[in-house]
Amino acid sequence: MKAANAMTSVHRRLPGDQRVVAGLLLSYPLIIVTALWPAVWLFTVLVLISYVAEAAAVRHASHVSATLTQIGLGLTLRSVVREAALLLLLARSATLDTGWIAAVAIGLMFLHVIRAAHSSAVMLVTQRRRMPMLTRGINLSPLRVPAPPPRRLTRQHTRTMLHLDVPVVAGALIGAVAGTAWPVLGGLVIAFAAGLSAVTVMTCHARRNRHLGDKGRILRMVADEAARHLPEVVLYFSGATDCMYQINMWLETLDRLERSTMIILRESANLRLLGRTTSPVLCIPAGADMMNFPMPDSVRVALFPANAGKNIHMLRLPDIRSVFIGHGDSDKAASFNPFSKVYDEVWVAGPAGRERYLRSDAGVRDEDIVEVGRPQLASIQVGVPTPDPMFTVLYAPTWEGWTGDEFHTSVATMGPKIVRTLLNHTPHVRLLYKPHPMAGKDSPAVRRAHQKIVSMIKEANRVRDAGGKWGADRDQAYWEAGGWWRHRVITGSHPHLYSCFNRADLLITDISSVVADFMASGKPYAVTNGAGLADEEFRMRNPSASAAYLLSRDCSELTALLAAVAADGDDPMAERRRELKNHLLGPDAPDAGTRFAQAINALIKTE
């Protein structure tokens with residue numbers, strides 16, 4: 001079954017790689033046939049084709065080579081088949097005596113021994129150079145990390161060393177045609193010299209890197225360098241790559257603190273996705289390494305933007321106060337997770353966050369809850385008209401979540417209807433569609449609906465572009481490019497959600513932290529009620545929607561909503577939004593950045 005599935009994979013990819021596939025699959029059987037014939041010239045051509053096909057497969061059809069490996073026809077076996085066919089050809093053609101044929105066979109065998117020695121050295125060097133951690137902004141010179149070995153000796157080293165048989169095969173074929181053994185001897189000398197040189201170089205690199213094999217020593221040395229920064233506050237994060245927004249939203253706030261800070265990540269793939277920061281960064285993937293890492297004595301507080309199993313490796317340190325800061329307040333279950341009671345304190349934006357925890361009976365005590373606001377919202381403009389001539393609607397739905405709730409997100413149940421209504425609206429509006437970074441991760445229905453929405457927006461833009469022009473930092477470049485009248489699908493990290501807030505006149509979203517954050521703008525917002533709850537019950541269950549316009553599953557309210565909020569003057573919900581803003585985000589003074597810093601200082605002083 002495994003072989004059948006693998007060959008099916010090859011067959012599916014065949015049309016674009018016919019020559020490579022044909023070269024790999026046909027050259028080796030034909031090599032054996034021509035060796036039995038024997039036909040030296042045809043054998044030479046086929047051997048050359050096999051080498052070329054192997055090289056081409058690396059660049060253009062790596063899946064073919066991988067599939068052959070899965071079914072037991074890997075590169076090493078193919079190399080042995082080619083070499084065995086060469087010996088068969090020499091025996092059948094009788095141009096060299098049996099002594100030389102035996103010498104060629106022994107030489108080829110020892111080339112495989114050299115290859116194995118080289119691969120062992122490469123793996124040893126690679127293992128020693130694989131640091132138990134990755135860093136940014138931390139001096140690693142005390143580790144005395146040697147220069148890496150030449151890439152030509154380590155990159156695809158198995159394939160490279162298997163090609164040591166090239167001079168032997170070439171010499172044997174020349175000798176078979178010329179009837180002399182000297183070309184075979186020359187090929188063996190060249191192959192052995194090249195192979196032994198490679199082994200010698202890698203052995204030297206193994207010796208140079210032997211001090212890197214002591215993980216404990218490396219952890220201690222990096223800890224000493226980290227301690228030089230005297231970090232008092234650690235921002236700790238573990239999560240999937242598509243969750244990096246959860247920590248990136250805190251970087252600017254962290255950098256503004258007067259306290260010395262440090263960041264600890266647990267997944268190596270996340271390091272390249274971490275935003276700009278002035279804080280030194282440690283990435284420690286393995287749990288054992290994290291537990292053995294000597295945390296600097298200066299660290300007093302650890303901040304956690306997400307609940308994750310690997311948090312336990314930091315929570316186990318009794319002398320460091322732990323704080324759950326989350327990645328946004330909302331009425332969703334994630335904002336009052338019972339797991340939060342493992343932290344010393346839970347920081348929320350405003351009174352609403354405190355009430356959620358107490359109302360849910362999650363086990364978090366009132367005295368352990370601190371209201372710090374949302375420092376990230378400082379860039380959201382308040383009382384400033386949006387810069388584009390056309391009324392702009394931001395549709396920013398959440399993801400499907402982990403609870404299995406059909407109405408957690410509106411993308412599958414309401415998304416296409418919302419988008420169609422906005423695209424067809426008269427007078428024209430502009431749509432900004434910014435789905436959650438994890439939208440469609442677990443739900444095929446959400447993925448299909450998202451793709452449908454994207455197609456609808458592309459078609460609407462095509463129609464608008466065909467109608468001609470509509471009028472005369474990185475986020476700003478995005479908005480200025482491509483025409484202000486065009487609808488936008490925004491799925492990357494730029495422009496940021498808050499930049500979208502500043503461009504939108506109306507937000508349509510689901511119950512999520514987007515609601516509370518948008519409240520800072522003072523602008524109108526609508527929340528989807530896909531479950532069809534009565535308005536009073538929906539607002540009672542979701543207090544953040546108490547100042548929202550509600551959209552039912554058929555979106556019948558949307559047209560009237562657009563007319564109400566787009567008209568000159570204040571909209572009916574304006575006063576309720578002003579009241580709700582303080583309840584969700586806390587007071588305007590002192591500002592959230594100040595309150596956050598004060599909470600840090602208070603926690604450190606209690607030590």
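This is a predicted model: local features need pLDDT of at least 70, side-chain atom pairs count only at pLDDT 80 or more; totals for chains, interfaces and linings use all residues.
A residue counts as buried when its relative accessible area is under 20%. For Tyr343 the relative accessible area is 4%, so Tyr343 falls in the buried class.

Phe304 and Tyr343 also form an aromatic pair. Such a pair is described by the distance of the ring centres and the angle of the planes. Here the centres lie 5.3 Å apart and the planes meet at 45°, so the pair of Phe304 and Tyr343 is tilted. The pair links distant parts of the chain. Phe304 belongs to strand β5 (residues 301-304), whereas Tyr343 sits in the loop between β6 (321-324) and β7 (345-348). The two residues are 39 residues apart.

Tyr343 has another ring partner, Phe339. Their centres are 6.1 Å apart and their planes stand at 75°, so this pair is edge-to-face. Phe339 has a relative accessible area of 34%, so Phe339 is partly exposed. Ring pairs join Phe304, Phe339 and Tyr343 with Tyr236 and Phe324 into a cluster. The whole structure holds nine aromatic pairs.

Nonpolar side chains tend to be buried together in soluble globular proteins. The largest nonpolar core in the model has 36 residues. Phe43, Leu86, Leu90, Leu111, Val168 and Leu173 touch the most other members. Elements giving two or more residues to this core include α2 (18-36), α3 (40-60) and α5 (75-93). The largest share, eight residues, comes from α6. Apart from this core lies another, of 33 residues, with Met133, Ile284, Val348 and Val364 among them.

Key:
Residues are numbered from 1 along each chain as its sequence is written. Side-chain values use heavy atoms; hydrogens and water are left out. A nonpolar core is a set of buried Ala, Val, Leu, Ile, Met, Phe, Trp, Tyr and Cys residues joined through side-chain atoms within 4.5 Å. Buried means under 20% relative accessible area, exposed over 50%, partly exposed in between (1.4 Å probe, protein chains only). Helices (H or I, at least four residues) and strands (E, at least two) are DSSP runs, numbered from the N terminus. Rings of Phe, Tyr and Trp (its six-membered ring) pair if their centres lie within 6.5 Å; planes under 30 degrees apart count as stacked, over 60 as edge-to-face and the rest as tilted.
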